[in-house]
Amino acid sequence: MNSKGQEKNAFCLYNADIYTGFTHIREGFILIRNGVIENVHSMQRFESYSDISMYEKVDCKGAVITPGFFDTHIHGIHGYGTEDATVEAILKMAEHQLAYGVTSFLPTLASLEKQHTLRAIRAITEAQKLQQKEGIPGATIRGMHLEGPFISTNKKGIHDANFIKAADKDLLKEYWDASEGTITAMTVAPELKGMRSFANEAQKLGITLLAGHSNASYEQMVEGIEVGILHAAHFFNAMRSMHHRDPGVVGAILIHSEISCELISDGIHVHPALVEFLVKEKPAGKIVLVTDSLKPTGLSPDGIYDVKGDNVRLENGVFCRVEDGTIAGSALTMNASIRYMLGYGLTKSDAIPMATLNPARIYETDNLFGSLLPGRQADLVVCDKELNVKRTMIGGRFCYDNGRTL
Ligand SMILES: [Zn+2]
């Protein structure tokens, strides 16, 4: 208790425009106690709420409140990337994402040389432990996403062909052990020889499998679905395209509506008309916005950068390899990715779950976070109507406030 009779760690955020993940409360308040959401109500209940005086009150003055964003595919930001393979870089990535409303993320590794991959995996694992132990401010590391190396050389994007591997259960085991059991997601090409038994092994370990960087035929992707490859990495990008006599991996994912997919929504990775088509075709819970952002994201608007030894040019928010123009990744942020969806005509109620509840469901963490239901961890974002982030809260504590990490 403080001098005003308020409990410690009890907050009331009021006068807010709240998107819970399930409903929209135009004028509401959220009660948070000991890091957990206790209740969400319309302002009509504010005066009559019996023990409102117990809470420290924060007037949100009409600001938007959403669940914290969960970026499940991110390589780097603000000059720090997973390829740095250091604990410091991973913790800096966690910190810099707060400004974009991200409260949970999966640091994502592209195909690297084996020793380099092992170093990066250990760095992520250590960073995660340190974050838990010392409460370092930053988006929560929720394991990691290995994008490759078990992918197709035909659809490698800017992955280095020298580091792409055949499906190899022994190598998977080595990476798993190095991660101390924290690999959450793996992007694989379903058509690789031996993928059936590889997928079985990965699933025994509890890893979510995504189809990606794949040249699979329709039949090969369906076989992938049969062995549990039920999610897809940056849908449409680095995948065999659809042809009416050869639907390929893209066709299979469109036809099988139960398969979920990541989407890079900047309008360049995927044509806006196709994004609109996808929104119409896929069930609402199956689209997940990701940034796939690279290390120089957020540093400077345009220019040439070095990413994993490749010269890449940043132009209009997309990185392309200078040598051949191959798209290398985005300079997107999570709040901007939702904003793009609004530009395609979606409402906030439709678009926000794609960055919050949907990824939490796919990675089976929705009972912990991803919505503003009572009992969930108080991970949330306070932003303006254009989704510019003002404050970010993780576990009931504001970690970011108007440009400052707290
Ligand atoms: Zn990627």
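The chain splits into domain 1 (10–66 + 373–405) and domain 2 (68–362), with bounds taken from an automatic or database domain assignment. This is a predicted model: local features need pLDDT of at least 70, side-chain atom pairs count only at pLDDT 80 or more, and totals for chains, interfaces and linings use all residues. Residues are numbered from 1 along each chain as its sequence is written.

The C-alpha centres of domain 1 and domain 2 lie 30 Å apart. Across the boundary, 16 residues of domain 1 are in contact with 20 residues of domain 2 (contact: C-beta atoms, placed from the backbone, within 7 Å). On the domain 1 side, strand 21 (380–383), strand 22 (389–394) and strand 23 (397–401) each supply at least two residues. Strands are DSSP runs of E, at least two residues, and helices are runs of H or I, at least four, numbered from the N terminus.

Now look inside. The largest nonpolar core has 126 residues, and L13, I30 and I65 touch the most other members. Such a core is a set of buried Ala, Val, Leu, Ile, Met, Phe, Trp, Tyr and Cys residues joined through C-beta atoms within 7 Å. Buried means that 20 or more other C-beta atoms lie within 10 Å of a residue's own, with C-beta atoms placed from the backbone. Strand 1 (residues 10–19) gives the largest share of this core, seven residues. Both domain 1 and domain 2 contribute residues, so the core lies between them. Leaving aside neighbours within four places in sequence, I65 has contacts that include L13, I30 and L380.

Helix 1 (residues 87–96) is mostly covered, with seven of its ten residues buried. Among them are A89, I90 and K92. Their cover includes strand 9 (102–109) and helix 2 (114–134).

Conventions: Contact = placed C-beta atoms within 7 Å. Buried ≥ 20, exposed ≤ 12 C-beta atoms within 10 Å, placed from the backbone.
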